[in-house]
Amino acid sequence: MSSKNFENPPARPLISKATVSKTEPPLKVALKPEEEMDRRSFLKWLTIGWTAFAAIVAGYGSFLLRYLFPNVLFEPKQSFTAGIIDDYVVGDVSERFKDKHGVWIVRDSEKIYALSASCTHLGCTPNWQSNEEKFKCPCHGSGFYKNGINFEGPAPRPLERFKIGLTDDGEIIVDKTKKFQQEKGEWNDSESFILV
Amino acid sequence: MSEVDPNKKTLWQKIAETQVWKAIFRTGIPRNRRQRTMVMLNGVFLHLHPVRLPKHAVKVKYTWCMGGLSFFVFLVLTVTGILLMFYYRPTVEYAYGDIIDLREQVPLGIMREIHRWSAHLMVITVWLHMFRVFMTGSYKPPREFNWTVGVVLLVLTMLLSFTGYLLPWDQLAIWAITVGSNMAGATPGVGTAGPGSSLLALGDVNFITSSSDARFAMLGGRFVGEGALLRFYVLHCIGLPFIIMIFMIVHFWRVRKDGGISGPT
């Protein structure tokens with residue numbers, strides 16, 4: 001980096017001294033009294049300006065945020081009817097609503113419950129393996145018993161159950177917006193199963 | 001051979017005197033230090049390079065050229081990515097089939113593989129670049145700001161990888177993004193499965209639900225479906241490249257302003 005040409009550039013021709021007249025008084029930009037801005041009004045307009053700017057940015061920001069959440073979803077509804085009690089055989093795991101709604105409907109000797117088909121490890125969909133009587137997750141190998149209790153693999157807690165009930169005309173209705181977790185003792189909640 | 005007329009201009013000289021030539025190449029052929037400088041300063045592409053470099057700066061063992069390679073791979077990804085966009089349709093119906101067609105039916109079916117390999121390579125070169133910068137202490141002041149910009153670039157590279165991962169729409173893609181987006185669902189405060197999500201509630205009405213949390217904003221749905229595919233596609237092809245280019249401009253600018261590559265400041 002030792003080019004003398006650059007460190008000591010040749011002297012440039014100075015602006016001709018004739019162009020700078022020393023006799024003329026230096027130009028003063030004088031404002032008329034009514035155009036002068038005092039500190040108070042400067043701060044006032046500064047505050048107004050920045051507040052307006054911040055409000056506009058926040059407004060557009062909230063538009064943008066809201067825009068990300070559509071009003072209409074082309075997804076299956078969160079609650080659905082699932083036939084009648086007699087559709088389900090004691091001891092069976094029904095996969096009728098697994099693909100569309102992500103729910104297994106299980107009937108044991110005394111009740112019917114709706115198990116969430118979402119692994120509690122990282123949310124993959126386990127498979128029901130009827131010969132081994134267990135739910136097995138293909139992603140990381142978590143295993144659950146028929147009642148949803150985890151017993152192998154990385155899943156930290158049992159499968160969740162959804163709210164289940166009967167309509168007035170005896171149809172089973174499952175509501176996925178309300179869930180029941182075994183580790184919170186919620187499986188005893190009467191909304192989490194149908195007694196049969 | 002006949003005599004050579006000393007006044008006769010060669011074709012080359014004639015071309016160099018045309019208005020078209022002179023309008024494009026303003027400084028003429030650089031024959032001295034000043035002209036070489038002017039060439040670098042006057043061209044929009046050449047001015048991205050420094051006018052002069054210390055000789056050691058281009059030593060491969062000083063930088064491994066990893067920053068430059070990252071940028072080169074980014075350019076490859078841009079070109080191949082645009083070409084892939086001619087054939088790929090980001091819908092649940094067509095996405096997977098289009099990916100197969102890109103390999104089986106489209107001429108030069110290797111285009112998608114080049115994009116994929118380059119994507120893997122970019123993650124590797126970015127990591128190695130960071131490793132080199134760390135080992136040579138190049139994150140220290142006055143380059144600490146540029147280190148931070150570099151961290152942002154790393155995150156953006158990861159996000160580009162993540163969004164691109166979904167686009168083939170095969171089982172690997174869908175479940176990988178399911179797993180990845182569930183992490184967003186565990187964000188404190190704004191994820192429905194995260195800590196503190198129940199704090200934002202009015203009585204029984206919870207505001208952070210599976211259809212109003214961070215994960216939903218990312219996927220445009222409650223699960224990885226049509227909405228997620230389209231959002232990831234737009235982010236992968238337009239949104240994230242746009243942002244990463246802005247940060248790259250700042251990154252390269254700061255390299256120059258902080259003393260150039262691989263030298264003391």
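**Figure 1. Domain layout of chain A in the predicted model.** Chain A of this predicted model is split into domain 1, residues 36–69, and domain 2, residues 79–195. Between the C-alpha centres of domain 1 of chain A and domain 2 of chain A the distance is 51 Å.

**Figure 2. Strand β4 of chain A and its pairing partners.** Strand β3 (residues 103–107) of chain A runs antiparallel to β4(A) and is joined to β4(A) by 5 bridges. Strands of a sheet pair through backbone hydrogen bonds, in either a parallel or an antiparallel sense.

**Figure 3. Surroundings of Tyr113(A).** Tyr113(A) belongs to strand β4 of chain A. Why does Tyr113(A) count as buried? Tyr113(A) counts as buried because it has 20 C-beta neighbours inside 10 Å, and the cut-off for a buried residue is 20 or more. With neighbours within four places in sequence left aside, the contacts of Tyr113(A) are Val106(A), Arg161(A), Ile164(A), Ser192(A) and Phe193(A). Phe74(A) is 39 residues from Tyr113(A) in sequence, and their C-alpha atoms are 27 Å apart in space.

**Figure 4. The four-stranded open sheet of chain A.** This view shows an open sheet of 4 strands in chain A, with the order β5-β6-β7-β8 and antiparallel pairing. β5 (127–129) and β8 (150–152) of chain A are the edge strands, each pairing on one side only. Strand β6 (residues 134–136) and strand β7 (residues 143–144) of chain A run antiparallel and are joined by 2 bridges. Lys136(A) has Gly143(A) of β7(A) as its bridge partner. In a regular strand, side chains alternate between the two faces of the sheet.

**Figure 5. Overall form of chain B.** Chain B contains 11 helices and 2 strands. In order from the N terminus, its elements are α-α-α-α-α-α-α-α-α-β-β-α-α. Chain B is divided into domain 1 (12–47) and domain 2 (58–257), and the C-alpha centres of domain 1 of chain B and domain 2 of chain B are 40 Å apart. The radius of gyration of chain B is 26 Å, whereas a compact globule of 265 residues would have a value near 18 Å. Its C-alpha trace spans about 100 × 50 × 35 Å along the principal axes. Of the 265 residues in chain B, 24% are buried. Among contacts in chain B with a separation of 6 or more, 59% are between residues 24 or more positions apart.

Figure 6. Helix α6 of chain B comprises residues 95–104, and its residues Ala95(B), Asp98(B) and Leu102(B) are buried. These residues cover an arc of only 60° around the axis, so they are on the same side of α6(B). An α-helix has 3.6 residues a turn, so residues three or four places apart point the same way. Which exposed residues does the face of α6(B) turned away from its buried side carry? That face carries Gly97(B), Arg103(B) and Glu104(B). The cover over the buried residues of α6(B) includes α5 (66–85), α7 (111–135) and α11 (226–257) of chain B.

**Figure 7. Contact between chain A and chain B.** The contact involves 13 residues from chain A and 14 residues from chain B. On the side of chain B that touches chain A, α9 (171–185) and α10 (214–219) of chain B each supply at least two residues. α9(B) gives the most to this side, with 4 residues. By class, the side of chain B that touches chain A consists of 5 nonpolar, 6 polar and 3 charged residues.

Definitions and conventions:
Residues numbered from 1 in each chain as written. Chains lettered and ligands numbered in written order. Predicted model: local features only at pLDDT ≥ 70, side-chain atom pairs only at ≥ 80, totals over all residues. Domains from an automatic or database assignment. Contact = placed C-beta atoms within 7 Å. Nonpolar A, V, L, I, M, F, W, Y, C, P; charged D, E, K, R; others polar. Rg over C-alpha atoms; globule rule 2.2 N^0.38 Å. Buried ≥ 20, exposed ≤ 12 C-beta atoms within 10 Å, placed from the backbone. Pairing = 2+ DSSP bridges. Arc of directions from axis to C-beta.
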